[in-house]
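Here is a short report for a reader new to this structure. It starts with a single residue and widens from there.

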Amino acid sequence: MLSRRNLLAASAASLAALAAGCSTTSVLAPSAGTGSDETAATLGAINRLRAEHGLPALALDRAAQRAAMDQASRMAAAGRMEHNIGFGANFLKRMKGMEVALPAAENIAAGQDSAADAFEAWHRSPKHLENMLGSSYRGLGVAVVRNPATGNRPYWSMVLSS
């Protein structure tokens, strides 16, 4: 039978281990999977869409690229599509930490085999389309990461920056 002291010590050790497992890094390396920058593959399509709506073209943004790769890596490592993965990893904190010019927006997707397919999924979604047509945005970063540990499913992230 465990004494109260041993039970408390075991609980503290468990909480410490749990907290350590929840820590995040500023940028997850492709060790969370195999990632690729897909900004160039997406830029033409998004700029055609924006031109159709009388909006200025977007340009490649290095900070947005890093933020997109970070988010795609987080999702691939976790094996789920969510904006907030990891302790303290909410959108605004991530964007500020990556020095993305604000305001910013993020579109995510999972399962699409190509940048064109991911773009089409975002285009068909009213909220994602609204992000792509944001008039204050000037920069773009798009990334995909596949992780063998979570089934090699492609996880996509698009970050739009001001």
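S36 is partly exposed, with a relative accessible area of 27%. Here buried means under 20% relative accessible area, exposed over 50%, and partly exposed in between (1.4 Å probe, protein chains only). S36 lies in strand β1, residues 34–37. Helices (H or I, at least four residues) and strands (E, at least two) are DSSP runs, numbered from the N terminus. The side chains of S36 and E38 are joined by a polar contact of 2.8 Å. A polar contact is a pair of N or O atoms within 3.5 Å; within protein, one must be able to donate a hydrogen and the other to accept it, and residues adjacent in sequence count only if both atoms are side-chain atoms. Not counting residues up to four places away in sequence, S36 touches M69, V142, A143 and V144. Contact means heavy atoms within 4.5 Å.

This is a predicted model: local features need pLDDT of at least 70, side-chain atom pairs count only at pLDDT 80 or more, and totals for chains, interfaces and linings use all residues. Residues are numbered from 1 along each chain as its sequence is written, and side-chain values use heavy atoms, with hydrogens and water left out.

**Overall layout and confidence**

The protein has six helices and five strands. Along the sequence they follow the pattern α-β-α-β-α-α-β-α-α-β-β. Of its 162 residues, 41% count as buried. Among contacts between residues at least 6 apart in sequence, 72% join residues at least 24 apart. The protein exposes about 8,500 Å², and carbon and sulfur atoms supply 58% of that area. Accessible areas come from the Shrake-Rupley method with a 1.4 Å probe; for residues, only the protein chains shown count as cover.

Confidence is given as pLDDT, the predictor's confidence in each residue, from 0 to 100. The mean pLDDT is 82, and 78% of residues reach 70 or more. Which elements have the lowest and the highest mean pLDDT? Helix α1 (residues 4–22) has the lowest, at 36, and strand β2 (residues 59–60) the highest, at 98. Over residues 1–30 pLDDT stays under 50, and the model has 17 contacts beyond four places in sequence for them. Where pLDDT is low, the predicted coordinates should not be read in detail.

**The nonpolar cores**

A nonpolar core is a set of buried Ala, Val, Leu, Ile, Met, Phe, Trp, Tyr and Cys residues joined through side-chain atoms within 4.5 Å. The largest one has 21 residues, of which I46, W122, L140, W156, M158 and L160 touch the most other members. At least two residues of this core come from each of α2 (39–52), β3 (105–110), α5 (115–124), β4 (139–146) and β5 (155–161). Beyond four places in sequence, I46 touches L58, F119, M132, L140, M158 and L160. A second, separate core of 19 residues includes A67, M69, M98 and V159.

**Helix α5**

In α5, the residues A115, A118, F119, A121 and W122 are buried. Seen down the helix axis, the buried residues of α5 fall within an arc of 160 degrees, so they line one face of the helix. The arc is that of the directions from the helix axis to the C-beta atoms. The face turned away from this buried side carries the exposed residues A116 and R124. The buried residues of α5 pack against α2, β3, α6 (126–132), β4 and β5.

N107 lies in strand β3. Is N107 buried or exposed? N107 is buried, with a relative accessible area of 0%. A polar contact of 2.8 Å joins its side chain to that of N131. Leaving aside neighbours within four places in sequence, N107 is in contact with W122, H128, N131, M132, W156, S157 and M158.

A110 also lies in strand β3. A110 is buried, at 14% relative accessible area. Outside four places in sequence, A110 touches M81, R153, P154 and Y155.

Q71 lies in helix α3, residues 62–78. Q71 counts as buried, at 0% relative accessibility. Its contacts, leaving aside neighbours within four places in sequence, are E82, H83, R94, E106, I108 and S157.

The table lists C-alpha to C-alpha distances.

| Pair | Separation in sequence | Distance in space |
|---|---|---|
| A110 and S157 | 47 residues | 8.8 Å |
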